[in-house]
Amino acid sequence: MDKRNLLDDEMIALLESRDLNIRSLMDGMFGGKRRSAYYGTSMEFADFREYAPGDDIRRIDWNLYGRLDKLYLKLFTDERRQHHRIYIDCSASMAWGKPEKHLTALRLAALIGYLAVSGMDKVSWYALEGNGCLSVTDAVSSRDALFTGLERLGEVQCGGETDIEASVASSPLPGYHDGISFIISDLLTDSDWKSAVDWLLYKKQEVCVIQVLSRDEMAPALSGKLHLMDSEAETEDDSRNRRMNIGRQRMLAYAAAYEWLENDIKSFCNKRQVRFFSVPTDEKLSRMLFDKAIRSEMIQ
Amino acid sequence: MSFQTPSALWLLLGVPILIVIWLIRPQHENRRVSSSYIWRLSDRFMKRRLPLSNLTRWLVFLLQFLLVSGCAILAAGLIMGHGGKVDYLVILDSSASMRTKNEDGETRFDRAVKLIKDLAKETSDGHSLSVITAGEKAGYTVSGSSSRTEINDALGGLVCGWGGSALPEAMTLAQLFVYEHPSAEVVLYTDQTVNEYDGLSVVDLSAEEWNAALTDLSVSSSGAGFEISARLTSWGRDERISVGLTVNDKLIYAENHDCLSGTAENISFTIGDISGISKIEISIDPGDALDADNRLVYYNDTEQTCDTALISDTPIYLSSAFSAVNRGEVSVIPSNAAPIALQTGVFDLYVFDGCAPESFPVLGTIVLINPPSLPDGLSSAGESDQPGQLMASAAGSGYQTKLLSDLTLDRVSIAKHQRVNASDDWTTVCSVSEDPVLLVRSNGIGQTTVVLLFDLHDSNLPMKADFVGFVRNLLNLAVPPLADKKIVTVGDKLTVTVPQTANHLSVISPEGETTVFDYESEAEYKALSAGPHRLICDDYETGFFAVIPESEGHRQTTESLSISHETAETGAEPVEAVSGLWKIIAAVLLLILLAEWGIYIYEQY
């Protein structure tokens, strides 16, 4: 897959003026431009503290000494580089939709990666497959490395079954109080993805959940007597398969179930201050960017 | 539990067909989706709308199954034997054989009545009971009564008959009853063997009791005197049976007969002269189960006298003939003395030979021989000198039988005769050259007038032996026997004749029931009980004996009895019934389709 397919020039141009929105002060690593919880050498004033022997006398605020006749040091916030992690659900169900949910997920991952690098942060992509969490590339922090990483990202395939909880938990470098962890999935799974979110929050990561759904899933156009076979089911006898007489009543029930599912996800995320938005695959990426991502305060 | 139309239960074949349809019907089409997660989740919301949605598929099947089964049972017309109101219909055989007693002296009829009374106890549960007795006639004794008291009263008054069993008539009545009450339970209490029965239950009251029966009594003259014969049959076992001959109520002879079971044994007795004997009885006393056929009685009644007035100026032929017959007094009266003589005397028979009275006697039979003036209804058409043979009229009648009994009319010629035109109330008995010459008429009060339209001197009839017979027949016409049979089977009719000169005739049955006949020349009497019947006419008494039907002496067999519990319409019009069945089948299939479509549409929209 060509990298341009994931992130074209038009989109890059739109992203130039955007940045990831990190709500809290993270630890991060040296060299970035994100405000951190530490005092450092940036130009942004943070606080005063009394002078102690050994402190750098260049940071004494002499004006304050003149008024209070006591020595105070002037503290400035430290700016650090954050490390964002993007977990992409690569289960078989992601291969469905027009266009495929998987492609939309990858484009979103590329978009976030570009914003991260633009903000002088690092970004890592992880493919969630089975119970594992495969690193697509090493952490990317430069634009050159970004596009190389996007090539690798474009090669990610989906298939099989994914346990989001186990996969995220098996992440080699989940980070701690360092950047945003994105989970991109259709969330149509029996696995407990909420535990994965809780686990990331436990790691003091900011979490952003992006649900990718196809139009067929949001409003299916099925009817009649069907044996619905889950794409992740390997056999016909799989418990996830269902025989149904799909009619008006069933469609109403589906709509209600879908609405309930969305509300449940939103409710869960709101309670934990996790940012969430859902995107249909047939929506333009620019619309995703400005309508969903900005509204959900994922980017600014 | 039973069915009115069991054949409709074939509809239940629809159930396995339904199962096969469900097995081979198109399965759900496989459709792969990205995830069935929301679909599975929707089950919960389906349940809110249709709580039994998971069971819908089975509900459809259950509904169709119930439809098929229900329609089949409806079409078959389920009759619940218990739980609902039951109309019991009892057919009680009350033929003579039901009088057979068991070792305890209880008759089969009594046992049947007890069983019916036991059945009547159920009427307190709301059931109804009807009883049809099948004796000589079949009829309702109890009709749809739910009152135990009423039923017991009716059953208490029942008496077993002496004749045969009108079982076919009873079955017809029962069938009509069942047409009106298709759920009725029919029970037959009988001692007959019923090989096959359908639609009713049969209670066999026979206990293979032993019975000896006397039948076929006859009295005939023989060279040695009179021979009295009968047949003796032992039913059920070989037995030595003592047979007694009783004459005028005195036992005069007895002998033993070894009877093989089921084989008739001829019995005969000879009596030198039966004159003076009024009653002959053959009897057995074997201690068998049925008494009614252990006795046979023959009444040897003497002929009643017939007083005759012979008005003739040349009575030689007639007086000789009357003397030869010798039945009562014959008064020969010259024609010129007749008016006075007839005013003072009463006769049973008036014979006017060559003359006619100015006014006819009111009572008695009148014979006019070659009358100078014709009675009413006859008009003269001249005389015929053409000789001819006396011929019996082609049209048979009762008078012909009576007047020409035992006559040959062989070469009886008439030289000349009167020709008459007769009105319709005259019956021609004999004719010559198609001219009626012997005519009979009976008036409204039973007086008979016989007219001979030729002079006896112009005929060779008086020279023939038939002439005496003809005179005897005239006397019998004037004073007939009181009964035409001496032995009669119960249920059969015999003819009793009230002489015109008699006041009345009484028939007294063995039970003492008296039947009186007045002002009837002939009447029919039906014997309803077995045994000796007395016949009393004024001072004269004789009798006849009624026997039970021979078949009642032993166990009878009926091949098959059936009661159809179908409705009258279906029974009468089977073609329409079959047509109706197809309509039901079509309706069932339609309902099956509609049921599934209905649920399918409900699910879809």
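Q: In which loop of chain B does Asn326(B) lie?
A: This is a predicted model. Asn326(B) has a positive phi, near 60°, in a residue other than glycine. Its place in chain B is the loop between α7 (316–325) and β18 (330–333).

Q: Is Asn326(B) buried or exposed?
A: A residue counts as exposed when its relative accessible area is over 50%. For Asn326(B) the relative accessible area is 61%, so Asn326(B) is exposed.

Q: Which loop of chain A holds Asp69(A)?
A: Most residues other than glycine have a negative phi. Asp69(A) is not a glycine, yet its phi is positive, about 60°. Asp69(A) is exposed, with a relative accessible area of 58%. The loop that holds Asp69(A) runs between α3 (62–68) and β2 (72–81).

Q: What is the omega of the cis peptide bond between Lys98(A) and Pro99(A)?
A: Most peptide bonds are trans. Pro99(A) sits in the loop between β3 (83–89) and α4 (101–118) of chain A. The bond that joins Lys98(A) to Pro99(A) is cis, with an omega of about -10°.

Q: Why does Ala170(B) count as buried?
A: Ala170(B) belongs to helix α6 (residues 167–180) of chain B. The cut-off for a buried residue is a relative accessible area under 20%. Ala170(B) is buried because its relative accessible area is 0%.

Q: What distance separates the C-alpha atoms of Ala170(B) and Ile91(B)?
A: Leaving out residues up to four places away in sequence, Ala170(B) touches Ile91(B), Ile132(B), Ala134(B) and Ala138(B). Ile91(B) is 79 residues from Ala170(B) along the chain, and the separation of their C-alpha atoms is 7.0 Å.

Q: What share of the residues in chain A is buried?
A: Chain A has 10 helices and 10 strands. Among its contacts with a separation of 6 or more, 74% are between residues 24 or more positions apart. Of the 300 residues in chain A, the buried share is 52%.

Q: Which three residues supply 18% of the area that chain A buries against chain B?
A: The contact involves 40 residues from chain A and 27 residues from chain B. Between them the two chains bury about 3600 Å², with 60% of this on carbon and sulfur atoms. On the chain A side, the three residues that supply 18%, more than any other three, are Lys225(A), Met229(A) and Gln249(A).

Q: Which element supplies the largest share of the lining of the largest pocket?
A: The largest pocket has a volume of about 940 Å³. Of its 36 lining residues, those closest to the centre are Asn476(B), Leu477(B), Val479(B), Pro480(B) and Pro481(B). At least two lining residues come from each of α9 (398–403), α10 (465–478) and β29 (493–497) of chain B. The largest share, five residues, comes from α10(B).

Q: How many charged residues line the second largest cavity?
A: The second largest cavity has about 40 Å³ of space. Among the residues that line it are Asp301(B), Lys485(B) and Lys486(B). By class, its lining has two nonpolar and two polar residues, and the charged residues number three.

Notes. Residues are numbered from 1 along each chain as its sequence is written. Chains are lettered from A and ligands numbered from 1 in the order in which they are written. This is a predicted model: local features need pLDDT of at least 70, side-chain atom pairs count only at pLDDT 80 or more; totals for chains, interfaces and linings use all residues. Side-chain values use heavy atoms; hydrogens and water are left out. Helices (H or I, at least four residues) and strands (E, at least two) are DSSP runs, numbered from the N terminus. Buried means under 20% relative accessible area, exposed over 50%, partly exposed in between (1.4 Å probe, protein chains only). Contact means heavy atoms within 4.5 Å. On a 1 Å grid over the protein atoms alone, a cavity is a set of points where a 1.4 Å probe fits but cannot get out, and a pocket is an open set with protein on both sides within 12 Å along at least five of seven lines; lining residues have an atom within 4 Å of a point. Grid points are joined across faces, edges and corners, and a volume is the space filled by probe spheres set on the points. Ala, Val, Leu, Ile, Met, Phe, Trp, Tyr, Cys and Pro count as nonpolar, Asp, Glu, Lys and Arg as charged, and the others, Gly among them, as polar. Buried area is the accessible area (1.4 Å probe) that two parts lose on being put together, summed over both.
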